[in-house]
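Hi,

Here is the structure I said I would pass on. Have a look at it first, and then read my notes below.

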Amino acid sequence: MSADLDGPPGKRIDAHGSGHGSGHGSGHDNAHGSAHGQGQGHGHGHGVSANADRRYLTAALALILGYMSVEATIGVIASSLALISDAAHMMTDAFAIIFALIAMRIAVRPPKGGYTYGLRRAEILSAQLNGLTLLLLAAYFVYESVERLLSPPDVNGQLVFWTSLSGVAVNVAATWLISKANRSSLNVEGAFQHILNDLYAFIATTIAGLVIWTTGFNRADVIASLFVAALMLKAGYGLLRDAGRVLMEAAPAGIDPTELGARLAERPCVEEVHDLHVWEVSSGYPALSAHVLVEPKGDCHAVRRDLQELLRSSYGITHTTLEVDHLDDEFHCEDPHGPRHVPVAAEPHDHAADPQCDH
């Protein structure tokens with residue numbers, strides 16, 4: 001049946017209209033079709049298309065690959081661990097962008113077979129891989145820095161200074177390019193964090209090169225490489241944490257399920273909300289399901305539409321599945337998962353004054 005048809009009291013409704021065998025009243029927000037149906041551009045609040053994202057990332061990749069080979073060569077000539085670590089960081093930048101581009105291609109494939117959500121989480125795996133490479137490289141440069149602190153080599157400070165200064169300009173351009181893409185995607189954000197941290201690292205290396213050039217203090221090179229390693233650790237941990245939350249189906253950042261459940265339970269005609277689950281299919285793609293019980297004479301369809309509008313307008317959740325039943329129906333969950341959300345007793349609903357509760 002249509003999602004907007006009203007059914008008689010006591011009958012469960014299927015807003016999907018797909019003939020679910022359980023007969024549970026469920027609602028799939030119609031806005032989902034427009035928000036996700038194209039397979040690309042979801043979450044692009046600023047109107048940037050997936051094709052534009054790919055162009056920005058490809059341009060940044062070309063800049064990074066070209067400069068990385070030059071910097072690695074000069075780093076060896078100048079005996080600068082800071083330059084070599086910067087070049088290695090740029091290599092991870094390049095891999096991060098390549099992984100991001102591949103994941104973007106995979107993620108837009110339509111759902112089919114056993115992958116009912118499609119392959120949207122490919123970008124989350126890419127983000128985790130980016131985070132892991134940052135942590136591993138950070139550990140390596142910390143090890144190398146300790147050795148060089150004990151026995152610092154002679155470093156060509158002038159060469160380090162001019163090379164890293166030009167690296168600042170390259171990274172500013174690459175950072176600007178990726179900042180134009182859709183950073184609500186963890187995939188793109190992972191690549192952006194790589195390059196932004198590399199920019200900070202180049203600034204530190206530039207300062208180190210100037211110190212060595214003017215004072216002869218060779219350990220400044222090692223200090224700069226330790227600073228680069230610290231930035232890698234911070235960015236890598238953040239990416240692994242955020243990607244891990246998505247893979248573990250935690251509630252999206254900024255959404256408190258307890259507060260959300262309480263707001264749903266306070267809506268007109270609602271008597272109880274349980275089996276409430278809210279998660280992210282992929283970054284910027286929140287989803288929610290819940291079992292809602294309404295008063296015996298309530299209009300299940302009207303309640304469902306009211307709750308969907310609340311979720312859309314207040315939380316940005318457009319992919320919703322709501323099972324809506326009357327309180328006096330024979331079927332109820334024998335063992336609800338999670339807490340039960342009910343209206344606050346001190347402020348009972350005025351059901352008689354609400355038309356959707358007088359069916």
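**What I found**

Let me start with glutamate 249, which counts as partly exposed because its relative accessibility is 46%. Before going on, please keep in mind that this is a predicted model.

Glutamate 249 sits in the loop between α7 (219–247) and α8 (257–265). For background, most residues other than glycine have a negative phi. Serine 79 is another case, with a positive phi near 55 degrees in a residue other than glycine. You'll find serine 79 in the loop between α2 (50–78) and α3 (81–107). With a relative accessibility of 29%, serine 79 also counts as partly exposed.

**Salt bridges**

How many salt bridges are there? The count comes to five, and I'll go through some of them here.

Arginine 121 is partly exposed, at 24% relative accessibility.

Next, aspartate 306 forms a salt bridge with arginine 267, and their closest N and O atoms are 2.8 Å apart. Aspartate 306 belongs to helix α9 (residues 300–315) while arginine 267 lies in the loop between α8 and β1 (270–282), so this pair ties together parts that are 39 residues apart in sequence. Are these two partners buried or exposed? Aspartate 306 is buried, because its relative accessible area is 18% and the cut-off for buried is under 20%. Arginine 267, at 28% relative accessibility, counts as partly exposed.

Helix α9 also holds a pair of its own. Arginine 312 and glutamate 309 form a salt bridge, with the closest N and O atoms 2.5 Å apart. These two are three residues apart in α9, so about one helical turn separates them. Both ends are partly exposed: arginine 312 has a relative accessibility of 37%, and glutamate 309 has 38%.

**The sheet**

Now to the strands. Three of them form an open sheet in the order β1-β2-β3, and the pairing is mixed. Which strands stand at the edges? They are β1 and β3 (319–326); each has a single partner strand, so one side of each is left without a neighbour in the sheet. On average, neighbouring strands of this sheet are turned by 10 degrees against each other, direction ignored.

Here is how the strands pair up:

- β1 and strand β2 (residues 285–294) run antiparallel and pair over nine bridges.
- Valine 270 stands opposite valine 294 in β2, and serine 282 stands opposite tyrosine 285 in β2.
- β2 and β3 pair in the parallel sense over eight bridges.
- Alanine 290 has leucine 322 in β3 as its bridge partner.

The turn from β1 to β2 is worth a look on your screen. The two strands form a hairpin with two residues between them, and glycine 284 in the turn has a positive phi of about 75 degrees.

Why do I call β2 largely enclosed by the rest of the structure? Because nine of its 10 residues are buried.

Taken together, β2, α9 and β3 make a right-handed β-α-β unit.

Best wishes

Notes
Residues are numbered from 1 along each chain as its sequence is written. This is a predicted model: local features need pLDDT of at least 70, side-chain atom pairs count only at pLDDT 80 or more; totals for chains, interfaces and linings use all residues. Side-chain values use heavy atoms; hydrogens and water are left out. Helices (H or I, at least four residues) and strands (E, at least two) are DSSP runs, numbered from the N terminus. Buried means under 20% relative accessible area, exposed over 50%, partly exposed in between (1.4 Å probe, protein chains only). A salt bridge is a side-chain nitrogen of Lys or Arg within 4 Å of a carboxyl oxygen of Asp or Glu. Two strands pair if DSSP finds at least two bridges between them. Axes are lines fitted to C-alpha atoms, for helices over the stretch in contact, and angles run from 0 to 180 degrees between N-to-C directions. A crossover is right-handed if, with the strands pointing away from the viewer, the path from the first strand over the helix to the second runs clockwise.
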